[in-house]
Amino acid sequence: MTNILRIAISSRLNDKDDFKKITLTSENKKAYIYLKNDNFVFQNNDEEAVIEEVDIINKIEELIQKGFKSIICEFYSGDMRIEIPSGKNAKPKITYSKPLIMPEETDSGTIIDPDEANELLKAIEIISSDGSTKADMMRKFIQIDNFIKIILPLLNKSSQDKKIFILDCGSGKSYLSFVMNYFLREKLRRNCHFFCIDTNVELIEKCRGIQKQLNYNNMEFHVSAIKDFQPKERVDIVCSLHACDTATDEAIAKGVLLESPFLLVVPCCQHEVTNQLTDHPLKAITRHGVYKSKLADLLTDAMRTLILEAVGYKVSVTEYVSPIYTPKNILIQAEKIQAKNSMAFKQYLELKNMFSGVSIELERILHNFFDFSNLES
Ligand SMILES: C[S@@+](CC[C@H](N)C(=O)[O-])C[C@H]1O[C@@H](n2cnc3c(N)ncnc32)[C@H](O)[C@@H]1O
């Protein structure tokens with residue numbers, strides 16, 4: 001095998017997350033090298049064996065000598081095709097293709113096609129084993145589909161080659177991350193890596209089982225409180241979908257502290273502010289319990305938004321999905337654009353004062369980082 005070929009293949013083998021499959025073809029035979037449970041596996045009609053990464057090039061060389069003339073190396077970030085010419089000194093022809101697939105919406109308006117994603121949706125139990133989908137799972141699917149539609153423009157802000165690191169906080173059964181991973185890798189062919197964090201040991205174990213089954217070696221599942229987790233890589237997107245109560249504050253704080261360029265959080269239930277709503281000018285509203293809890297939700301999210309703006313994020317607040325799919329449908333989306341915004345600090349403090357110094361977990365986690373003391377005067 002020529003040096004050119006050796007360099008071309010080995011330079012792409014560095015990133016295991018990006019590796020999909022190598023297919024070698026001779027006149028009437030095929031051989032494969034693929035990843036299974038984190039191991040490189042060689043397979044042809046006669047043999048299936050685990051091989052070390054360092055031996056992949058030697059294996060390909062051996063097969064070329066046996067007459068295999070066409071090699072397709074599939075990576076999530078693009079394919080490499082190699083044709084081996086017959087002449088002794090002729091150079092191999094190497095071509096690269098970068099997939100730029102932007103799938104169209106299905107007839108039902110989703111970006112994920114449930115038929116194409118059948119294996120995945122069954123593995124994560126959105127589709128049950130008999131092929132049916134329960135109403136609550138259908139609602140979950142629509143939420144995730146909409147969430148992914150919102151993430152797409154963010155991905156397009158970086159080049160196709162860039163590996164994207166995503167941190168899913170309070171991931172639970174990790175529906176969101178599993179489907180995102182499917183869509184990013186299988187459909188968009190983006191090289192991506194997921195950190196999924198949850199305090200629930202059983203759920204994390206279950207996710208690891210599904211990960212093995214689907215061979216999603218680019219995903220990590222950790223039992224951890226969000227605030228304690230330290231990813232090994234620089235994170236590009238921090239997201240959380242319905243992380244309970246102050247777990248949403250932990251997710252936002254984690255994104256800020258990790259200097260994540262993008263943050264997307266859909267808050268869930270909120271309790272900590274309700275009990276603090278005692279002395280404020282809107283008592284005519286809060287004498288009714290239902291209004292009080294709605295005001296507490298609103299105030300909590302408004303305070304989160306102002307803190308994000310204060311630490312330099314541009315924030316947009318939208319309903320990411322119709323309330324028929326979930327009543328908790330507010331998406332706080334943030335993009336880091338500047339070091340800080342003192343006007344937003346000021347508004348935050350005004351709001352806090354209006355509600356007799358009400359405080360949220362996000363403020364407490366970021367207190368030192370944020371240096372409130374200089375601004376409280
Ligand atoms: C309502 S579930 C949502 C799960 C998932 N994101 C989804 O949308 O299906 C909230 C999850 O957050 C986890 N959680 C709550 N507090 C947490 C914390 N401080 N750190 C990490 N996970 C937390 C819970 O264990 C639970 O799995």
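**Helix pairs, domains and ligand**

Q: At what angle do the axes of helix H4 (residues 135-155) and H5 cross?
A: They cross at roughly 55° and come within 10 Å. The model is predicted.

Q: What is the hand of the crossing of H4 and H5?
A: The crossing is right-handed.

Q: Which residues of H4 and H5 meet?
A: H4 brings Lys140, Ile144, Phe147, Ile148 and Ile151. H5 brings Tyr175, Leu176, Val179, Met180 and Phe183.

Q: How do the residues of this contact of H4 with H5 divide?
A: Nine are nonpolar, none is polar and one is charged. Tyr counts as nonpolar and Lys as charged.

Q: Why are H9 and H10 called roughly antiparallel?
A: The axes of helix H9 (residues 289-310) and helix H10 (residues 342-354) cross at roughly 155°. They come within 8 Å. Angles over 145 degrees count as roughly antiparallel. H9 and H10 are therefore roughly antiparallel to each other.

Q: What is the hand of the crossing of H9 and H10, and which residues make the contact?
A: The crossing is left-handed. H9 gives Ala302, Met303, Leu306, Ile307, Glu309 and Ala310. H10 gives Ala344, Phe345, Gln347, Tyr348 and Leu351. By class, the contact has nine nonpolar residues, one polar and one charged.

Q: Which domains does the domain assignment give?
A: The assignment gives domain 1 (3-97) and domain 2 (118-374). Their C-alpha centres lie 40 Å apart.

Q: How many residues does each domain give to the contact?
A: Domain 1 gives eleven residues, and domain 2 gives eleven. The side of domain 1 that touches domain 2 has two nonpolar, three polar and six charged residues.

Q: Which of the 20 residues around the ligand come nearest?
A: Gly170, Gly172, Asn200, Leu241 and Ala247 do. Helix H5 (175-187), strand E9 (192-198) and helix H7 (247-257) each give two or more residues to the shell.

Q: How do the residues of the shell around the ligand divide?
A: Eleven are nonpolar, six are polar and three are charged. Gly counts as polar in this scheme.

Key: Residues numbered from 1 in each chain as written. Predicted model: local features only at pLDDT ≥ 70, side-chain atom pairs only at ≥ 80, totals over all residues. Near = placed C-beta within 6 Å. Helix = DSSP H or I, 4+ residues; strand = E, 2+ residues; numbered from the N terminus. Axes fitted to C-alpha atoms, helices over the stretch in contact; angles between N-to-C directions. Left-handed = near helix turned anticlockwise from the far one by under 90°. Contact = placed C-beta atoms within 7 Å. Domains from an automatic or database assignment. Parallel < 35°, antiparallel > 145°, perpendicular 65-115°, else oblique.
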